[in-house]
Amino acid sequence: MIYLTGDIHGSIDISKLNTRQFTEQEYLTKNDYLIVCGDFGLVWDNSNEDLYWRKWLDEKPWTTLFLDGNHENFNLLDEFPEVDMFSGKVQKISDSIYHLMRGEVYLFGGKTFLTMGGAESHDKQCRTPGINWWAEEMPNDAEMQHALSRLMVWDNRVDYILTHCAPRELEAEIDQYPENQLTKFLQYLYENVQFGQWYCGHYHQDIDLRDNFHVLFDDILQIE
């Protein structure tokens, strides 16, 4: 089974995964997956708090997967090894925590998932580079081109698209954020890729913007 949820921000919003809210967990195994749509935040400084909560997740019955958001330590994240899983490249954080990388198309149970993490921090002027903000929060041209190349392998068709932020048109329905290179790229995907459902995080809301586009935060949805 595959479940999706929104940002957990390290320990700040991880309580949504406790037994009272996520009752299905008692039936899950390591062959079931919980995917966090960005702002995972537990690869931050390798502090005791980081390590405690990563161990806490490791001891859960499922396997945790996550996209990167804009609130990640990208220098530290880059230190983790890449391995082949799900017909793509992932970064192994621990035995049951993996980072789903930008521009990959993964295969889970016969379904295809395009993932594209990253987003622009709208408060970056208040943050300190290399301490609590990294320019790598925004995908670069090579990562976006990689997504297009991987989509070509799958005839520009996937079952699911998972991102941290939304395409320009849909983000404008949430708030009047300025457009950027990533939201324009996601808009291109929205208009040109055949997909079944699209899920993102980032906006700290649980809303359905279209029949096939959903924003997640507290909700935990089973999709497969």
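Asp68, Arg102 and Glu143 are joined to one another in a network of salt bridges. This is a predicted model, so please keep that in mind as I go through the charged side chains.

How many salt bridges are there in the whole structure? A search finds 12. I will go through three pairs.

Start with Lys55 and Glu59. They form a salt bridge, and the closest N and O atoms are 2.4 Å apart. Glu59 has a relative accessibility of 56%, and the cut-off for exposed is over 50%, so Glu59 counts as exposed.

Next, Lys124 and Glu120. Their side chains meet in a salt bridge at 2.9 Å, N to O. Glu120 is at 17%, and buried means under 20%, so Glu120 is buried.

Glu173 is partly exposed at 44% relative accessibility, and Arg210 is partly exposed at 26%.

Last, a patch on the surface. Which residues make up this patch of negative charge? They are Asp206, Asp208, Asp211, Asp218 and Asp219. Take Asp219 from that list. Asp219 lies in the loop between strand 12 (213-215) and strand 13 (220-222). Its relative accessible area is 36%, so Asp219 is partly exposed.

Conventions:
Residues numbered from 1 in each chain as written. Predicted model: local features only at pLDDT ≥ 70, side-chain atom pairs only at ≥ 80, totals over all residues. Heavy atoms only, no water. Patch = residues over 30% accessible without salt bridge, like charges linked within 9 Å, V, L, I, M, F, W, Y side chains within 5 Å. Areas by Shrake-Rupley, 256 points an atom, 1.4 Å probe, with all protein chains shown as cover. Salt bridge = Lys/Arg side-chain N within 4 Å of Asp/Glu carboxyl O. Lys, Arg positive; Asp, Glu negative; His and termini not counted. Charge placed at Lys NZ, Arg CZ, Asp CG, Glu CD. Helix = DSSP H or I, 4+ residues; strand = E, 2+ residues; numbered from the N terminus. Buried < 20%, exposed > 50% of the residue type's maximum accessible area, 1.4 Å probe, protein only.
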